[in-house]
Amino acid sequence: MSRIGYWLVHQSVSHLIRVACVAALIALSLMAYSVISLKPLPVIFAMSVGHGIGIFAFLCYLLAVILDTRRASAGTTSASSPPPNPAASEAKAAKSSSGEAAKSSSGKAAKATERAAEPAADEGDDEQA
Amino acid sequence: MAHSSPLTALTLICALIAGSICLHYLVRRPPLDLRTKLRLLLGLGVFPTLTAVTSTVTGMEATTHKEFCGSCHVMGAHYANATDPNSQSLAARHSRPPFFGDRSCYVCHADYGMYGYAMTKAGGMRHVYEYYLGGYKDMTLEEAEKKIHLRKPYDNTNCRQCHTATATVWQSVPDHESLSEELASNRVSCTSAGCHGYAHPFSKALQEQAAEGHGVAPGTASAETRASAETRASAETPASAAMPASAVPGRPGAPSSPAASGAAP
């Protein structure tokens, strides 16, 4: 069961809906056949297997809608968050190490790097704001 | 056995709409926007639910019809006897009233009470199991007739759903009055040989012969047994007591001649 659940969650939304549509068609045909041929086996199959497949189809659809909504919201969140800026991270690393660099009186290169990195870090903050 | 009713038509229409929505998505593959999602909600949720509900009601209703009971070949003789216009058996006479005649198997064999419907359907599932997995499917009709029997003694309450024991006509019968306690406690069956006779006398006669160890040859011997059992049952059965009120001669809506109404001489 968990394997099926894992498989379902990791499907693409359109694939899940295709599965739901095919399952619904099978369930509908079973149910329609049961009212055309009112004999014990078709009626029992429609009421057990048909209903089961129909519920599975609807659950697949619900899962697809939930996954689509979640992926859409996740996409929006990732778009609004600042993109990783290599220059800024380098600058931060350099900033943290600048104290040590100043102590060792070789801070000229570090200050130059800091100056170069500051505008990039400001840009990222602006985006966040 | 096709069944045409407004509910059947509704089932098919709902299935058709839902199926076309699903097929449209599978063929066209439209983008999954809000409109498509809502359309799929109809095709995968609303219309299939309607189809399921209406097909279940239709199916459950169909299981109460005697054609449904007779669709298994082992019930062929019971069904043939019940639908025989010349038969005098209780089953045949109870299959004639227009009010419940087409559902006579269910009306007489369904458990009475609050959970009667559910219990009867559960019993029906056992019949299906016995038929497909219990060996009845492969039996010949002659073999099955000797073997088929009621799982528990027939409950008089089922008879008294219609033939109320509080009516003056019922109480005026001396045997009813003297046996009222036994009848109420099922110690004496309404459908016993000394009272109104067996509902399916041919099968009882065959079972009795099988129990005595006399093999019944299929064909003429079986037909003779059936005929004698029918005659015995009709001779034993008091007509006015065994028949529904509408079928008793002299009452409103009754046929003119006893032979046409299925009454015993």
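Colleague: Let's start with His109(B): is it buried, exposed or partly exposed?

Modeller: The general idea is to count neighbours: a residue is buried if 20 or more other C-beta atoms lie within 10 Å of its own, exposed if 12 or fewer, and partly exposed in between, with C-beta atoms placed from the backbone. His109(B) is partly exposed because it has 16 other C-beta atoms within 10 Å. You'll find His109(B) in helix 6 of chain B.

Colleague: Before we go on, what am I looking at, and how do the labels work?

Modeller: This is a predicted model, where local features need pLDDT of at least 70 and side-chain atom pairs count only at pLDDT 80 or more, while totals for chains, interfaces and linings use all residues. Residues are numbered from 1 along each chain as its sequence is written, and chains are lettered from A and ligands numbered from 1 in the order in which they are written.

Colleague: Okay, so how many helices and strands does chain B have?

Modeller: Helices (H or I, at least four residues) and strands (E, at least two) are DSSP runs, numbered from the N terminus. Chain B has 16 helices and zero strands. Of its 265 residues, 29% count as buried.

Colleague: How do I read a positive phi?

Modeller: Most residues other than glycine have a negative phi, and most peptide bonds are trans. In chain B, Arg29(B) has a positive phi near 50°. Arg29(B) sits in the loop between helix 1 and helix 2 of chain B, and it counts as exposed because it has 12 C-beta neighbours inside 10 Å. Asn186(B) has a positive phi too, near 65°. Look for Asn186(B) in the loop between helix 12 (180–184) and helix 13 (201–212) of chain B; with 14 C-beta neighbours inside 10 Å, it counts as partly exposed.

Colleague: And where the chains meet, how many residues does each one bring?

Modeller: Two residues are in contact if their C-beta atoms, placed from the backbone, lie within 7 Å. Here 29 residues of chain A and 29 residues of chain B take part. On chain A's side, helix 2 (13–36) and helix 3 (40–80) are the elements that give two or more residues, and helix 2 of chain A has the largest share, 15 residues.

Colleague: Which residues touch the most other members of the largest nonpolar core?

Modeller: A nonpolar core is a set of buried Ala, Val, Leu, Ile, Met, Phe, Trp, Tyr and Cys residues joined through C-beta atoms within 7 Å. The largest one has 50 residues, and Ala20(A), Ala24(A), Ala57(A) and Tyr61(A) touch the most other members. Helix 2 of chain A gives the most to this core, 13 residues. Leaving out residues up to four places away in sequence, Ala20(A) touches Ala57(A), Cys60(A), Tyr61(A), Ala64(A) and Leu44(B).

Colleague: Last one: which elements of chain A have the lowest and the highest mean pLDDT?

Modeller: pLDDT is the predictor's confidence in each residue, from 0 to 100. Chain A averages 73, and 58% of its residues score at least 70. Helix 6 (residues 108–128) of chain A has the lowest mean, 43, while helix 2 of chain A has the highest, 95. Over residues 105–129 of chain A the pLDDT is below 50, though this stretch has 29 contacts in the model beyond near neighbours in sequence. Where pLDDT is low, the predicted coordinates should not be read in detail.
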